[in-house]
Amino acid sequence: MSEPAWMSDPPAGADGGVSSSGAEPAKPKAAVGAGMCSTMYGCCAACITPRCFKRFLSLWNVVLSGMMGLCSVMTITNIDEANDTDDLFVSLYNFIFAFLLCSYEVTKYFPYPTLHNMLRRYFGFLFFSFSRSTYLVFCAFLQFGLNAPGSCKESDDDACVGDKDVNNNWLGIMTGLCLLLEALLVVGVQFKSPHMLKEEAKQELPPGQPPGGDLEVSSPPV
């Protein structure tokens, strides 16, 4: 006796496309990755790799270091009185901080073991995202107290002295705002996509330094 039609196995592709073997049909290629770039952040995360992002930050830090040094030089040249030592010391400190930031970035691509070891030993905060962001914020507020490109001196003509429309520290303010913007960017990326800056300190070890190990500090002679 033959079985009723409803008791027999359904044909392939029937019942929602499920075959007799129980395997689901392959999804169309158009559906794969359809939501990959549904948002702007998703598109940026898919296009920007950690290596590319770190190189961009390095180049940006070198540019900002040059701007910090330029602000320091301009402030020193604009000192009019011999007893005006505040701007002098602030400019010198700012120049040193710019040199530290630039050295940290340059030694990542042009290894100099002696300088790199010194930076890791005494300025290890530069090798970590959050502490480096704090350093950038500190440097940013330092730019706001400079005098670059500077105001007119007492020896200048009356037309220059009477011009009050231009801020005498517009370059310093612009540099400080760029430093603040980078600090916020690094903190935001660290929270949103920590893989972009993951294991940063271990990957930037100088030649000959074992990974994950602290620098050995030799004890002073007795």
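This is a predicted model: local features need pLDDT of at least 70, side-chain atom pairs count only at pLDDT 80 or more; totals for chains, interfaces and linings use all residues.
Local features need pLDDT of at least 70, side-chain atom pairs count only at pLDDT 80 or more, and totals for chains, interfaces and linings use all residues. Residues are numbered from 1 along each chain as its sequence is written, and side-chain values use heavy atoms, without hydrogens and water.

Start with the largest nonpolar core. Such a core is a set of buried Ala, Val, Leu, Ile, Met, Phe, Trp, Tyr and Cys residues joined through side-chain atoms within 4.5 Å. Buried means under 20% relative accessible area, exposed over 50%, and partly exposed in between (1.4 Å probe, protein chains only). This core has 24 residues. Met68, Phe97, Leu119, Tyr135, Cys139 and Leu179 touch the most other members. Helices H3 (50-77), H4 (86-109), H5 (113-122), H6 (129-143) and H8 (170-192) each supply at least two of its residues. Helices here are DSSP runs (H or I, at least four residues), numbered from the N terminus.

Apart from this core lies another, of six residues, including Phe53 and Val186.

Now turn to the rings. The whole structure holds eight aromatic pairs. Rings of Phe, Tyr and Trp (its six-membered ring) pair if their centres lie within 6.5 Å; planes under 30 degrees apart count as stacked, over 60 as edge-to-face and the rest as tilted. Phe123 and Phe125 have ring centres 6.3 Å apart and planes at 80°, so they are edge-to-face. Phe123 is partly exposed, at 25% relative accessibility. Phe125 is also partly exposed, at 31%.
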